[in-house]
Every structure is written in structure tokens, then in C-alpha cells.
Amino acid sequence: MSEDGPKRQRPNVLITGTPGVGKTSTASLISERVGLQHVNVGELIVQHQCYEGRDEDLDTNVLDEDKLLDVMEVILDKAAEDGTGIVADFHMCEIFPERWFDLVLVLRASTDVLFDRLTKRGYNEKKRSENMEAEIMQVILDEARESYAPEIVHEVPSNTLDDMETNGKRVAEWCKHWEKNNA
């Protein structure tokens with residue numbers, strides 16, 4: 001999003017967390033409830049081939065950050081021009097410019113819930129272990145706190161459907177407040 005572009009009328013929200021915590025489900029709920037455009041960054045990466053190769057050990061593509069940021073900037077500029085905001089979900093948060101997001105929600109899940117979700121996804125042992133360790137060591141939360149102003153980073157539980165519903169309601173209220181204060 002260009003710094004000299006149009007003033008935004010709606011907020012941009014980033015939903016982040018370890019793989020398996022419920023980012024996409026939460027972002028979809030928020031998108032429906034608040035009317036923000038849902039940007040599934042993982043799908044964008046595949047759609048626009050924003051990768052430089054493959055890590056076979058972790059069974060994942062190697063991200064081309066510059067290409068992804070170029071693609072995202074176009075989406076954010078268009079949203080601002082159209083008077084809409086976005087809710088993006090991705091497991092990495094530190095790669096995005098701070099000015100892009102008004103709220104960063106870091107979803108957290110208990111290890112037993114996360115283990116079951118990652119197993120259900122078919123993650124191999126190494127990939128599952130790495131993600132479990134990242135959640136235990138709160139890697140994504142620490143990255144969010146280091147990358148964004150403390151007042152916009154919020155850690156929330158994401159173990160149950162009730163948690164997701166509560167998070168959706170909180171973000172909807174926050175968006176109303178943001179829009180009132182930024183009118």
C-alpha cells in the first residue's frame with residue numbers, strides 16, 4: 001500500500017499464528033461479519049507462484065517475499081481505492097510493512113488441540129514437531145510484538161468454535177470503533 005495513496009475508510013486486519021491455530025476460519029468469519037475482503041495469503045502465494053523452490057524435508061514451498069509483497073500491495077491499494085478493508089491470514093507476520101495493518105490478531109492454541117489439528121492435516125513428523133515447538137515457544141507472538149506497535153497486537157485463544165466466535169465479535173466491535181475514530 002503506497003504511503004501517499006488514498007486515505008483508507010476501512011481497517012486492515014492481519015490474523016496470524018502457527019499453522020493449525022484457525023487463521024483462515026477466523027479470517028473468513030470476520031470477513032463475513034464485518035464485510036472486509038478476505039485475503040488468504042497462502043492461496044495468493046500459490047496463485048501467483050510467489051515461491052523460489054521447495055523444501056522437501058518440511059514439505060513446503062520456499063517463499064519469494066518480494067514477489068508476495070508486490071502482489072499484496074496491489075490488493076491493498078485497490079481495497080483503499082474502493083473504500084474497503086481487508087482481513088489477511090498468514091503464519092508469517094514480520095514480512096509485512098507495519099503501515100499495512102491496523103490490528104494484528106495472534107491466534108494461540110493449546111498443544112493438544114494443535115497436535116490433533118496438524119495430525120489431521122497430514123503433516124509429517126518433522127513439520128508437525130517444528131510447528132508445535134513454534135507454538136510452545138510463542139515464535140509468532142514474539143515476531144508480531146517485534147514487528148508492530150504493541151497497541152495493535154492482540155493475543156487471543158483459538159481452541160474452540162466459541163473462541164473463534166468471541167474473536168469474531170471482538171474484531172467486529174474493534175472495526176466499528178476504528179471506523180468511528182477514522183471517519
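## Basis

The model is predicted, so local features need pLDDT of at least 70 and side-chain atom pairs count only at pLDDT 80 or more, while totals for chains, interfaces and linings use all residues. Residues are numbered from 1 along each chain as its sequence is written, and side-chain values use heavy atoms, with hydrogens and water left out.

Five strands form an open sheet in the order 2-5-1-6-7, with parallel pairing. Strand 2 (37–40) and strand 7 (153–157) are the edge strands. Each has a single partner strand, so one side of each lacks a neighbour in the sheet. Neighbouring strands are turned by 20° against each other on average, direction ignored. Axes here are lines fitted to C-alpha atoms, for helices over the stretch in contact, and angles run from 0 to 180 degrees between N-to-C directions.

Two terms need their cut-offs. Strands (E, at least two residues) and helices (H or I, at least four) are DSSP runs, numbered from the N terminus. Two strands pair if DSSP finds at least two bridges between them.

## Pairing, strand by strand

Start at strand 2. Four bridges join strand 2 to strand 5, and the two run parallel. Asn 40 has Asp 89 as its bridge partner in strand 5. Strand 5 also pairs with strand 1, in the parallel sense, over three bridges.

Strand 1 (residues 13–16) pairs with strand 6 in the parallel sense over four bridges. Thr 16 meets Val 106 of strand 6 as its bridge partner. Val 106 in turn has Glu 155 as its bridge partner in strand 7. Strand 6 (residues 103–108) and strand 7 share five bridges, again parallel. Arg 108 stands opposite Pro 157 in strand 7.

Buried means under 20% relative accessible area, exposed over 50%, and partly exposed in between (1.4 Å probe, protein chains only). Six of the six residues of strand 6 are buried, so this strand is largely enclosed by the rest of the structure. Leu 103, Leu 105 and Leu 107 point one way; Val 104, Val 106 and Arg 108 point the other way.

Strand 5 (86–89) is covered on both faces. Ile 86 and Ala 88 are buried on one side, Val 87 and Asp 89 on the other. Asp 102 lies in the loop between strand 5 and strand 6. Asp 102 is buried too, with a relative accessible area of 15%.

## Aromatic rings

The structure holds four aromatic pairs. Rings of Phe, Tyr and Trp (its six-membered ring) pair if their centres lie within 6.5 Å; planes under 30 degrees apart count as stacked, over 60 as edge-to-face and the rest as tilted. Phe 96 and Phe 101 have ring centres 5.7 Å apart and planes at 70°, so they are edge-to-face. Both residues are buried. Ring pairs link Phe 90, Phe 96, Trp 100 and Phe 101 into a cluster.

## The largest pocket

The largest pocket has a volume of about 1000 Å³. A pocket is an open set of points on a 1 Å grid over the protein atoms alone, where a 1.4 Å probe fits, with protein on both sides within 12 Å along at least five of seven lines; lining residues have an atom within 4 Å of a point. The volume is the space filled by probe spheres set on the points, which are joined across faces, edges and corners.

The lining counts 35 residues. Pro 19, Thr 60, Phe 90, His 91 and Tyr 123 lie nearest the centre.
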